[in-house]
Amino acid sequence: MGFLAGKKILITGVASNRSIAWGCAAAMHRQGAEIALTYQNDKLKSRVEEMAHQCGSDLVLPLDVAQDADIDAAFKALGERWDGLDGIVHSIAFAPREQLEGDYIDAVTREGFNTAHEISSYSFAALAKAGRGLMAGRNGALVTMTYLGSVRAVPNYNVMGIAKASLEANVRYLAASLGPHGTRVNAVSAGPIRTLAAAGISNFRDMLKQVEERTPLRRTVTIEEVGNAAAFLCSDLASGITGDVLYVDTGYNILG
Ligand code: 0WD
């Protein structure tokens with residue numbers, strides 16, 4: 001029996017079979033969880049339905065986190081199918097492409113800053129708020145995806161690094177809010193992985209190459225490895241861990 005047997009987990013941010021969210025869904029399914037997936041727009045609907053099917057699920061919901069009505073509708077629909085919720089995986093980020101190249105001070109704009117923060121950080125609090133009723137008293141867990149650019153000035157990552165710093169602070173504040181209700185909140189800080197979102201970052205290939213040359217394990221991390229860590233954090237094996245950021249990056253963050 002898997003270590004997530006009997007758990008019901010909502011996973012957001014599946015856009016392709018390279019998505020980190022897909023690594024999470026597959027890992028959690030392997031560990032016995034029941035899975036629900038969300039898709040951002042109609043273009044992704046049939047692909048995400050097919051991927052849910054691979055996890056033995058037909059629970060697939062539309063969710064654009066920029067829309068409050070979508071968030072409310074998704075949790076209402078979830079509550080009609082499930083008697084409660086044990087986990088939420090937030091694997092969503094966005095900044096306009098022109099924000100993610102060149103010098104930060106030249107690239108940043110009010111609009112780019114606000115969009116990056118709304119979609120990449122606020123949305124985590126919004127999901128936590130909408131889901132707290134279904135999650136209360138079940139020893140559940142929320143997990144989000146962050147990156148080292150939150151604590152270091154990584155070239156081209158720019159405003160997304162600031163949004164990730166906000167997201168990590170969000171993890172701590174949400175952990176403090178939800179802990180008394182039995183819900184834990186953590187982040188996985190993943191090393192760079194070639195996904196659709198990563199393709200928007202200028203010179204991403206150089207980032208991968210640098211990791212392969214320097215990181216202790218001399219290779220990049222996989223979505224399976226990130227998924228396994230997220231599965232652990234959502235499970236009762238991690239019952240003493242909340243408000244934390246777990247690096248799953250083949251050790252790159254320890255380098256000077
Ligand atoms: O190297 C990487 N790939 C890393 C990613 C390293 C460390 C962290 N991360 C983070 C990302 O910042 C993000 O928070 O992991 C999370 C997942 O990213 P991913 O798996 O790399 O990227 P992708 O497969 O593109 O999934 C992110 C998805 C979006 O995809 P696109 O590429 O279409 O923007 O987030 C979703 C969307 O499906 N998304 C939204 N979902 C709902 N509402 C929204 C939205 N408004 N905006 C984006």
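Biologist: Which residues of helix 8 (residues 204–214) are buried?

Modeller: This is a predicted model. In helix 8, the buried residues are Phe204, Met207, Leu208 and Val211. They share the same side of helix 8 because they cover an arc of only 95 degrees around the axis.

Biologist: What do the buried residues of helix 8 pack against, and which exposed residues does the face turned away from them carry?

Modeller: The packing partner of these buried residues is helix 7 (196–199). The face turned away from the buried side carries Arg205 and Glu213, both exposed.

Biologist: What makes leucine 4 count as buried?

Modeller: Buried means under 20% relative accessible area. Leucine 4 has a relative accessibility of 0%, and therefore counts as buried. Its place is in the segment before strand 1 (8–11).

Biologist: Which residues is leucine 4 in contact with, leaving aside its neighbours within four places in sequence?

Modeller: With those neighbours left aside, leucine 4 is in contact with Ile9, Met28, Gln31, Gly32, Ala33, Ala231, Cys234 and Ser235. As for alanine 33, it is 29 residues from leucine 4 in sequence, yet the C-alpha to C-alpha separation is 5.0 Å.

Biologist: Why is helix 1 called oblique to helix 9?

Modeller: Helix 1 (residues 20–30) and helix 9 (residues 223–234) pack at an angle of about 55 degrees, their axes being 7 Å apart. That angle makes helix 1 oblique to helix 9, because roughly parallel requires an angle under 35 degrees and roughly perpendicular one of 65 to 115. The crossing of helix 1 past helix 9 is right-handed.

Biologist: Which residues meet between helix 1 and helix 9?

Modeller: From helix 1 come Ile20, Trp22, Gly23, Cys24, Ala27, Met28 and Arg30, which meet Ile223, Val226, Gly227, Asn228, Ala230, Ala231 and Cys234 in helix 9. By class, this contact has ten nonpolar, three polar and one charged residues.

Biologist: Why are helix 3 and helix 5 described as roughly parallel?

Modeller: The axes of helix 3 (residues 68–81) and helix 5 (residues 110–135) cross at roughly 25 degrees and come within 10 Å. Angles under 35 degrees count as roughly parallel, and the two helices are therefore roughly parallel to each other. Helix 3 passes helix 5 in a right-handed crossing.

Biologist: Which residues of helix 3 and helix 5 meet?

Modeller: Ile71, Phe75, Leu78 and Gly79 in helix 3 meet Ala126, Leu127, Ala130, Gly131 and Leu134 in helix 5. The classes in this contact are seven nonpolar, two polar and no charged residues.

Biologist: How do you know that threonine 250 counts as buried?

Modeller: The cut-off for buried is under 20% relative accessible area. Threonine 250 has 8% relative accessibility, so it counts as buried. Threonine 250 is found in the segment after strand 7 (245–248). Not counting residues up to four places away in sequence, it touches Val211, Thr215, Pro216, Leu217, Arg219, Thr220 and Val221.

Biologist: Why is asparagine 203 called partly exposed?

Modeller: Its relative accessible area is 47%. Partly exposed lies between the buried limit, under 20%, and the exposed one, over 50%, so asparagine 203 is partly exposed. Asparagine 203 sits in the loop between helix 7 and helix 8, and its phi is near 60 degrees, a positive value in a residue other than glycine.

How values were computed: Residues are numbered from 1 along each chain as its sequence is written. This is a predicted model: local features need pLDDT of at least 70, side-chain atom pairs count only at pLDDT 80 or more; totals for chains, interfaces and linings use all residues. Side-chain values use heavy atoms; hydrogens and water are left out. Helices (H or I, at least four residues) and strands (E, at least two) are DSSP runs, numbered from the N terminus. Buried means under 20% relative accessible area, exposed over 50%, partly exposed in between (1.4 Å probe, protein chains only). Contact means heavy atoms within 4.5 Å. The arc is that of the directions from the helix axis to the C-beta atoms. Axes are lines fitted to C-alpha atoms, for helices over the stretch in contact, and angles run from 0 to 180 degrees between N-to-C directions. Angles under 35 degrees count as roughly parallel, over 145 as roughly antiparallel, 65 to 115 as roughly perpendicular and the rest as oblique. A crossing is left-handed if the near helix is turned anticlockwise from the far one by less than a right angle, and right-handed if clockwise. Ala, Val, Leu, Ile, Met, Phe, Trp, Tyr, Cys and Pro count as nonpolar, Asp, Glu, Lys and Arg as charged, and the others, Gly among them, as polar.
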